[in-house]
Amino acid sequence: MRNRTRGAVAVAVGVAVTAAVTAGASAVVMDSDGPGQKQPAKSAQAGKAKGDIDRDGYADLGVGAPDGKVSGKSKSGYVGVTYGAKAGVDTGRHSTLSQASTGVPGTPETADHFGSAVVRGDVDGDGYTDLIVAAKYEAIGDVKRAGSVTVVFGAKDGLSSDAIAFHAPKVTELALFGNKLAVGDYNHDGRDDIAISDGGKVQLVNGAADLRDTPTPKMTSVAPPGTEGGIDSLSTGDINGDGFGDLVTVGWQDDSAGEGTLGVLPGSSGGLKGTPLGKTVGLPFSSYRAVVGDINGDGKDDVVTDSGFTDGPDEQRLRTYPGTAGGLDTDKPVDWKGKQHAGIGARLADFNGDGHDDLVISDTGAEAPGGYNDAGAITVLKGTENWLTDEGAKTFSLDTEGVPGSMESGDWFGDALSPADYNGDGKSDLAVGVPNRKQAGAVALLYAGTDGLTGQGSALFGPGDLGTPTGDSDFGKELSDPATK
């Protein structure tokens, strides 16, 4: 079992949001000289953005609200969907996805938590990004909290009514199938595959052109190293630079030690291999997060590990394992020597367009002025050919100049993060989940400027801006991303 968890204030749960779509105008706050002023023509970007559901050249965003009320069922959950545009994410164009939506299998049930994990990928290879959504507490028959996964396919006009839903080959109580999700092209066939946590194993669904016509897709299972007790983290990257996606995992043993294991399962023409790539890494705790991206710009993805704890070994407080042709360089990890930052390393993305991924550190416990706890903030450390640096580090919160709103106690700004090019300028922007803001939740959008993320032109929206009533829903607890927390 795990005997360490991050300290946190529980998200308040009360009257839940009803996930019914109604017409409504956009409530996004934009500066007049915001991010749409110097963008390339839409036609030049069409079909190139990762996470582009409608293939118009702008990444789109799915927002998980796993505590939302649907069809009168408390905490059945939903996903709000809004679309990118030249001026940034446009909440005037939106939809709500749930098990009550046309074409989505199943029915809303109390405490399903549909939207408990949301990732994106093109699983049928048609050029339109699809959304993969977990309902980790869904009962399968009489089996409680077995979990299920739903794939909703993208189309020219946005999310289509084509969807499939499935559960684990062997339904097990409390397995929480789909609690962790990742996508990646592990066999390099041009279609994304889906990696799904299933207790201590990973179930793999290969992408296929006819996947939307396959309501019960075939699954194969792999057992990542050190995951007999369970899986804490799934991520995808190309660690050895061979063009095949690799699955990066953190798991724990089924014992009382509470230690974790970091491992990499390599992709191949036959899909993910069951034998780890290179050496595995023992971790003092199981709750380390493996964050994947190319920091030094050598074409091989690196892995940053960080637990968020202040009582762990200093040398492993924030550590980078470089990617090499033989796997992670476990003999010469790069330990952080700069200022200690509160929070946990959470995402890698290139925000300034220099070819080096930058690290976002999320500190949901950051205090607001006046001593308000758990308001939240993020800090961005720049990536360079010589790894991460403190030089030019930036911190953002709801008190940052240009960002709408203000820091309030219990907001949890930074609890979920989704980097993507939402305005089509070729650089990653950042969607930031604020799941406990005013109890209903919210999402902040930070756009990239000439030197990385900036508060200028940023936006803040909540469930009401996507046509759903306000109320406790955990809106922003999950954001569509190639990998979950």
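Modeller: Contact here means heavy atoms within 4.5 Å. The model is predicted.

Colleague: Leaving aside neighbours within four places in sequence, which residues is Val432 in contact with?

Modeller: Val432 is listed with those that have the most contacts inside the largest nonpolar core. Once its neighbours within four places in sequence are left aside, the residues in contact with Val432 are Ile378, Phe413, Gly414, Ala416, Leu417, Ala442, Val443, Ala444, Leu446 and Leu479.

Colleague: How many residues does the largest nonpolar core have?

Modeller: In soluble globular proteins, nonpolar side chains tend to be buried together. Here β22 (344-349), β24 (377-384), β27, β28 and β29 (452-461) each supply at least two residues of the core. Ile378, Leu398, Leu430 and Val432 have the most contacts inside the core, and its residue count is 22.

Colleague: Is Asp54, the partner of Arg93 in a salt bridge, buried or exposed?

Modeller: The closest N and O atoms of Arg93 and Asp54 are 2.7 Å apart. Arg93 lies in strand β3 (residues 90-97) and Asp54 in the loop between α1 (42-45) and β1 (61-65), so the pair ties together parts that are 39 residues apart in sequence. Arg93 counts as partly exposed at 30% relative accessibility. Buried means under 20% relative accessible area, and with 6% Asp54 is buried.

Colleague: Asp126 and Arg212 meet in a salt bridge; how many residues apart in sequence are the parts that this pair ties together?

Modeller: The N to O distance of the salt bridge between Asp126 and Arg212 is 3.3 Å. Asp126 lies in the loop between β4 (114-121) and β5 (130-135), and Arg212 in the loop between β10 (201-205) and β11 (220-222), so the parts tied together are apart in sequence by 86 residues.

Colleague: What is the relative accessible area of Lys438?

Modeller: Lys438 forms a salt bridge with Glu408, with the closest N and O atoms 3.2 Å apart. Lys438 lies in the loop between β27 (429-434) and β28 (442-449), and Glu408 in the loop between β25 (387-396) and β26 (417-420), so the pair ties together parts 30 residues apart in sequence. Glu408 is partly exposed at 26%, whereas Lys438 is exposed, with a relative accessible area of 56%.

Colleague: Which residues do salt bridges that share partners join into one network?

Modeller: The structure holds 14 salt bridges. One of them pairs Asp126 with Arg212. Through shared partners, salt bridges join into one network Asp124, Asp126, Asp162 and Arg212.

Methods
Residues are numbered from 1 along each chain as its sequence is written. This is a predicted model: local features need pLDDT of at least 70, side-chain atom pairs count only at pLDDT 80 or more; totals for chains, interfaces and linings use all residues. Side-chain values use heavy atoms; hydrogens and water are left out. A salt bridge is a side-chain nitrogen of Lys or Arg within 4 Å of a carboxyl oxygen of Asp or Glu. Helices (H or I, at least four residues) and strands (E, at least two) are DSSP runs, numbered from the N terminus. Buried means under 20% relative accessible area, exposed over 50%, partly exposed in between (1.4 Å probe, protein chains only). A nonpolar core is a set of buried Ala, Val, Leu, Ile, Met, Phe, Trp, Tyr and Cys residues joined through side-chain atoms within 4.5 Å.
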